[in-house]
Amino acid sequence: MPERPSLTVNGRRYRWMDQPLVVVCVDGCEFDYIHQAVAAGVAPFLGRMLATGAAFEADCVVPSFTNPNNLSIVTGVSPAVHGICGNYFYDREAGAEVMMNDPKYLRAGTILAAFAAAGARVAVVTAKDKLRALLGKDLAGTCFSAEKADAATLELVGRPRPSVYSAELSEFVFAAGVKLMQTRCPDLMYLSTTDYVQHKAAPGSSAANDFYAMMDGYLAQLDALGATIALTADHGMNDKFGADGQPNAIYLQDLLDEWLGRGTARVILPITDPYVVHHGALGSFATVYLPGNADVQATIDRLRRVEGVQLALSNAQACARFELPPDRLGDVIVISEKNVVLGTGRARHDLSGLDAPLRSHGGLSEQAVPLLFNRRTAGIPGERRLRNFDVMDIALNHL
Ligand code: ZN
Ligand code: ZN
C-alpha cells in the first residue's frame with residue numbers, strides 16, 4: 001500500500017490508518033456496565049480489551065448529552081469549536097427554541113469527512129436518525145441510521161427495522177457494522193448506539209448484561225475481521241429518583257417564575273428531543289435566559305442555595321470551564337447533583353412514558369466514560385487529561 005498522508009482536521013493531526021478503524025460510541029456507557037458484564041462472564045471480548053488492549057477513563061463533554069459528545073468525537077474538538085452544545089437550544093437571532101440537529105449549526109468539519117475527501121472509504125451508522133445529518137455533514141461515504149433504514153440497508157443487514165425504543169435499535173448498528181466490514185471493508189467506520197437500555201437498566205442488571213453480551217459478540221467479529229476497535233461513550237448514566245421511586249427533580253421554571261415573575265425567565269433543557277419516553281426530558285443540565293432587568297449574580301447565588309444544585313455559573317464562567325459556545329447558551333448554567341435532575345415547569349413534563357425509575361445524564365456526575373482499544377497504546381503522556389474526543393487521536397496516532 002502506498003504511503004498515505006497525515007491529515008490535519010480542526011488543528012489536530014491524524015495519521016492514515018494501517019488497518020480498518022472502527023470507532024464505537026456506546027451511548028450512556030458508564031464504565032461499570034463493562035466491568036459488571038465482564039465480571040459476570042458474558043463479555044469475554046471486552047474482558048480481553050481490558051486485559052490485553054488499552055483501557056482509560058476519560059472525560060466527556062459537559063453537558064453530558066448525546067449530540068455535543070458525538071460531534072466532539074467526530075471533530076476531535078470541544079463544542080466551543082464545533083458549536084453543538086445540546087439537542088435543543090434557544091436561537092437568540094431567530095427568537096425561537098429549536099432543535100440543533102440541522103448540519104447548518106455545525107461549525108467544524110468532521111474527521112470522517114476529511115478522510116473520505118482524501119480517498120478513504122468511510123461508513124457511519126447511528127441508531128437514532130437525529131444524529132445522522134450532523135455526523136454525515138459533507139461526508140462522501142455511507143451514512144445511515146437504524147431508525148430510518150431503507151430497503152437496501154435492511155437487506156444488507158438482514159434484520160427487520162427495529163423500534164426506536166428497543167435494545168434492537170443498537171443491535172442493528174453493530175450488525176450493520178459487521179456486514180459493512182465483511183462486504184465493503186471501510187477504512188474508517190463510526191458506530192453510534194442509543195442509550196435506551198442504559199436509561200432503564202443499571203450496571204450488572206440482567207437487561208444491561210444482555211446488552212453488553214450482544215455488543216461483545218459483534219465487537220469480537222470486527223476484531224476477527226482485522227479491525228482496530230476504539231470504544232468510548234458520549235456520557236455516563238445515573239439513577240435520578242428518590243426513595244419513592246419518583247424523579248428527584250428541581251423544576252427551575254417554577255422557581256424562577258416565583259422569584260422573578262411568571263414567564264419572565266426562560267429555562268432551556270438541552271436534553272429535549274423528540275424521543276422523550278425514556279427520560280421525560282429530565283437531565284442534569286439546564287440553561288436559563290434571564291429578563292434584561294434581572295440581577296444575574298443574585299439569581300446565581302440564589303440558585304446555588306437550592307438543595308440538589310451542584311453548580312450555578314454565569315455564561316462566561318460555564319463556557320470557559322466546559323469549552324462551550326457562549327452564543328448558544330443562556331445567562332446562567334445550572335448543573336444538578338448526581339441523583340437529581342432539572343426540569344422546566346412541573347406541569348410541562350410528561351412522565352407517563354416512564355415505565356422504570358428515572359435514570360438520566362447531563363451533569364458532571366456523568367462525565368467519566370471508558371476509552372478502550374483492542375491494541376496497546378504508545379506515547380501518550382502520562383499526565384495528559386484524556387477526553388472521549390481524543391479517541392481518534394489515540395486510535396490513529398498512538399496504537
Ligand atoms: Zn447519549
Ligand atoms: Zn439519554
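Reply: Helix α8 has 17 residues, and the distance from its first C-alpha to its last is 25 Å, close to the 24 Å expected at 1.5 Å a residue. Helices are DSSP runs of H or I with at least four residues, strands are runs of E with at least two, and both are numbered from the N terminus. The expected span is 1.5 Å times one less than the number of residues. The model is a predicted one, in which local features need pLDDT of at least 70 and side-chain atom pairs count only at pLDDT 80 or more, while totals for chains, interfaces and linings use all residues. Residues are numbered from 1 along each chain as its sequence is written, and chains are lettered from A and ligands numbered from 1 in the order in which they are written.

α8 is mostly covered, with 13 of its 17 residues buried (20 or more other C-beta atoms, placed from the backbone, within 10 Å of the residue's own). Just after α8, Cys185 has a positive phi of about 40 degrees.

α10 itself runs over residues 206-224 and reaches 27 Å with its 19 residues, close to the 27 Å expected. Among its buried residues are Phe211, Tyr212, Met215, Tyr218, Leu219 and Leu222, together with Asn209 and Asp216. After α10 comes Gly226, whose phi is positive, near 95 degrees.

The axes of α1 and α10 (lines fitted to C-alpha atoms over the stretch in contact, with angles from 0 to 180 degrees between N-to-C directions) are 9 Å apart and meet at about 85 degrees. The two helices are therefore roughly perpendicular, a word kept for angles of 65 to 115 degrees. On the α1 side, Tyr33, Ile34, Gln36 and Ala37 make the contact, and on the α10 side Ala208, Asn209, Tyr212 and Ala213 do so; contact requires C-beta atoms, placed from the backbone, within 7 Å. Six of these residues are nonpolar, two are polar and none is charged (Ala, Val, Leu, Ile, Met, Phe, Trp, Tyr, Cys and Pro count as nonpolar, Asp, Glu, Lys and Arg as charged, and the others, Gly among them, as polar).

These helices belong to a protein with 14 helices and 19 strands, in which 53% of the 399 residues are buried.

Note on methods. A residue is buried if 20 or more other C-beta atoms lie within 10 Å of its own, exposed if 12 or fewer, and partly exposed in between; C-beta atoms are placed from the backbone. Angles under 35 degrees count as roughly parallel, over 145 as roughly antiparallel, 65 to 115 as roughly perpendicular and the rest as oblique. Two residues are in contact if their C-beta atoms, placed from the backbone, lie within 7 Å.
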